Amino acid sequence: MAATMKLCEDKAKVTLVSYQPVKRSHSVCAQGGINAAIDTKGEGDSPESHFYDTVKGGDFLAHQPLVRDMCYQAPAIIHLMDRLGVAFNRTPEGHLEFRRFGGTLYSRTAFAGSTTGQQLLYALDEQVRRYESEGQVKKLEWHEYLSAVLDSEGICRGAVLHDLRSGEIFTVKGDAVVLATGGPAQVYGKTTGSTVCNGAATTSAYLQGAKYANGEFIQVHPTAIPGQDKLRLMSESARGEGGRIWVSRKQNDNRDPLNIPEEERYYFLEENHPRFGNLVPRDVASREIHDIVYNQKLGIGGQPMVYLDLTHHSEGFLEHRLGGILDIYTKFTGDDPKKVPMKIFPAVHYSMGGIWTDYEDDGNGLIDHKSPRNQMTSIPGLYAAGECDYQFHGANRLGANSLLSCIYTGLMMGPGLIQYSRNLTSHVEEVSSTVFDQARDQWRGRMQAFKQMNGRENPYILHQELGEIMLANVLIVRENSRLAKALTQIDDLEIRFKDLQCPDTTHWSNPAPSMIQQLHCQIQLAKIITKGALIRNEFRGAHYKPEFDLNQPEDFDPHEYVEYNEKRQYGEIREDEFPPGHTSYMKRYEECNEKWLKTTIAEYQNNQPEISFEEVNTSLVQPRPRKYD
Amino acid sequence: MPDDKTIHLKIKRQDQPDGKSYWEEFELPRKPRANVISCLMDIQMHPITREGKEVTPVVWECNCLEEVCGACTMVINGKVRQACTALVDALPQPIVLEPMSKFPLVRDLHVDRSRMFENLKKVKAWIHIDGTYDIGEGPVIPEKQRAKAYLLSECMTCGCCLEACPQFAKDNDFMGASTFSQVRLFNMHPTGAMEQEERLDAIMGEGGIADCGNAQVCVEVCPKKIPLTESIAEIGRETTLQLLKNLFLK
């Protein structure tokens, strides 16, 4: 919607396509805030620090000029959103209030109550509605994007759409098409994602030849509330206020938690991490919980859940310090966390990877905003923005950077899109109508075939099974044997896919054929994620493979690596120039980066993702080891 | 018979807008922490009625499942609310699901709430800015005023207030509480206030604020506890002033 607003400002005509009213999109779920280094509290924050925190948080896998440009644009973006009426919390003087968030030392996060994403989305939705009422935007809500229309030269000339009510399939023409279709959460079944986060649009582009990048980098949040329909986040502040994570020492213990005596409780984070206890970083917490449930089989009653316990605090204390977030727990579980321990489990939360997109830097470590290459996929004329692209978060995303990257990409790409349209030697009106007719007819045939499937398998059950395969094998702790097994299981599922029965063959407002088409895409996407994870033999950010952990010495200081690199220019470094074990560790780190500090590229060939690697732009800050304590 | 191991659902269905409605009943295994959404998802996986008849899965709208998108609004046991927060353990059985009755029906539990979005256009529910270019900070706003605005801006256009409103009907033009409350929200903002008159003019005609019967049920059903009646009262006052201005100054 940011792109729509920006394009409308430049007098372009935009058709906005969405499954549902755009006001109901997934960004409403983002609670925490949006980052911008405005430094209103004299802490010395700067866009440069924001840039450094972001690339470091992402384990240096993001292209640096892009991240830097985003961080430099961030203050203007916050001011713009403020001017659009977003109810950002204010200081006593009435200016923007900022708070601290994970992964940084600065108060850099602007927020609007506990629903920042909703408020930002609404502000953009309102601007789009204004342009709609002026006739510049045509909204096609209750429509599904099926694919791009490509001409004989492979240039994107429009899109094939599916009217979800009438079932009609038709094409729209355009000089350019932008995908702003969010993450692929539904590949994992139950996640913190919304039901529309199905990844189908980007996968469709991949099936048409576009490159998909860094698919294996999936962020898992350690504490979510398990539900039968979805997993909802439980804020880290519950642990910040003294919440203790534990399970019974007995397997399959079905007792009421309040009846489990203290000595039979296993406070595994406190025991395994005496210094940090329950406040270990997110990735460590997720890995430990995963280990307890799947390897030690100590989940609550044998289920994938552990306790997050606040009941040792008084109700008054909890109401005062954590009232809002505890209410959410009560609302969705019916249990009062002031009286009984909460049941939580890590949940798939965000995809750092996505459809591959391009950029053009200006030679000074920032982006040339006029370049038509910005945010363009490897299909000319097909663009992507937001969570569905891959460029900003590297191997791991920092909190409150997702709303920023999504608005930033939308705004940043606007001028380049206009330029692309101006540069076109032949405009869409000159493209033969058969190009559109063929694309339409092909999809009519496909969707009809999905609808007529008359086998034995229920697509909703198959989707659930796909999620189970991914959650069990391609999640927090990754082992090559399991990843290889998952690939076989996905292949099996793909065979069973052919034996689907479409559970609804009516003609009006029938979601079943779409669901089957989305499932088809999700199977392909699951292969991209899993194969990428299998091939990448290292531990980087959210991609944890214990077998390839470089075993950073406990007393290692990341600054040593800067010194190490300086010294290296003058020849080989002796082992005793650094504390014992450090030199060999840094050598391992260097070798690992030479091999794996690369973007994973998946391309569709013979029904499989072909994986290759591309260089990452690290021209501004030298990658260095992160310290994880 | 349903017992503590099963869930009994009674769902009002309709295949298309001009079709006839009919009821279907389902019995599902009870799962911990089930809500109405998870029951509907179970039906997708096993679309078989209580009588053992194979049927099409039930069609409904949903997205965020966290009660922030507004999509999954329906009438549950006679009360309009979101299905995601409707926990099965807290509902008497059978659980009766019906589509909202005040909006055109699309299919089963799915209705068309476009009218709400169209009303937002009529009242210019946006801040008209000069442009997206970096012209500096927004207006200074007192935190108290911001907090008040935030309450109003949480409206997710779900339609609960309109479903409950005795004045809002399929065959009239009444805009209803959610729209009036948005008028108040944008009139409160320092920049938004510059278009205050246009917004008030838009709610003076037929279907406008004067048609509100003051039943006050809107505020009772609002899932976000938005002070809708307060908004109506305040916008009512503003409209009266505007009316007088229009009479004497134009």
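Predicted model: local features only at pLDDT ≥ 70, side-chain atom pairs only at ≥ 80, totals over all residues.
Start with the division of chain A. Domain 1 covers 2-141 + 176-217 + 352-423, domain 2 covers 223-347, domain 3 covers 453-535 and domain 4 covers 550-615. Take domains 3 and 4 of chain A. Their C-alpha centres lie 35 Å apart. Five residues of domain 3 are in contact with five residues of domain 4. On the domain 3 side of this contact, two residues are nonpolar, one is polar and two are charged.

Next, a helix in chain A. Helix α8 runs over residues 282-295. Its 14 residues should span 20 Å at 1.5 Å a residue, and the end C-alpha atoms are 19 Å apart, which agrees. Several of its residues are buried, among them A:Arg282, A:Ala285, A:Arg287, A:Glu288, A:Ile289 and A:Val293. What do the buried residues of α8(A) pack against? The partners are strands β11 (218-225), β13 (244-248), β15 (306-309) and β16 (342-351), together with helix α7 (268-272), of chain A. Just past the end of α8(A), A:Lys297 adopts a positive phi of about 50°.

Now turn to a sheet of chain A. It is open, with four strands in the order β17-β10-β19-β20, and the pairing is antiparallel. Strands β17 (354-355) and β20 (608-615) stand at the edges; each has a single partner strand, so one side of each lacks a neighbour in the sheet. Helix α14 (residues 512-535) packs on this sheet and touches β10 (212-213), β19 and β20 of chain A. The direction of α14(A) makes about 55° with that of β20(A). Within the sheet, β19 (residues 598-605) and β20 of chain A run antiparallel and are joined by eight bridges. In this pair, A:Gln605 stands opposite A:Gln608.

Is A:Pro503 buried or exposed? It has 22 C-beta neighbours inside 10 Å, so A:Pro503 counts as buried. The C-alpha atoms of A:Pro503 and A:Tyr460 are separated by 9.4 Å, although the two residues are 43 apart along the chain. Beyond its neighbours within four places in sequence, A:Pro503 is in contact with A:Asn458 and A:Ala512, and also with B:Pro47, B:Thr56 and B:Pro57.

In total, 58 residues of chain B are in contact with 57 residues of chain A. Helices α1 (36-45), α2 (114-122) and α3 (143-153) and strand β6 (105-107) of chain B each supply at least two residues to this side. By class, the chain B side has 27 nonpolar, 18 polar and 13 charged residues.

Finally, chain B as a whole. It holds eight helices and seven strands. Its C-alpha trace spans about 70 × 40 × 30 Å along the principal axes. Of its 250 residues, 46% count as buried. Among contacts in chain B between residues at least 6 apart in sequence, 63% join residues at least 24 apart. A local example of pairing is the hairpin of β3 (residues 73-76) and β4 (residues 79-82) of chain B, antiparallel over four bridges. Two residues lie between the strands, and B:Asn77 in the turn has a positive phi of about 50°.

Note on methods: Residues numbered from 1 in each chain as written. Chains lettered and ligands numbered in written order. Pairing = 2+ DSSP bridges. Contact = placed C-beta atoms within 7 Å. Axes fitted to C-alpha atoms, helices over the stretch in contact; angles between N-to-C directions. Nonpolar A, V, L, I, M, F, W, Y, C, P; charged D, E, K, R; others polar. Expected span 1.5 Å × (residues − 1). Buried ≥ 20, exposed ≤ 12 C-beta atoms within 10 Å, placed from the backbone. Domains from an automatic or database assignment.
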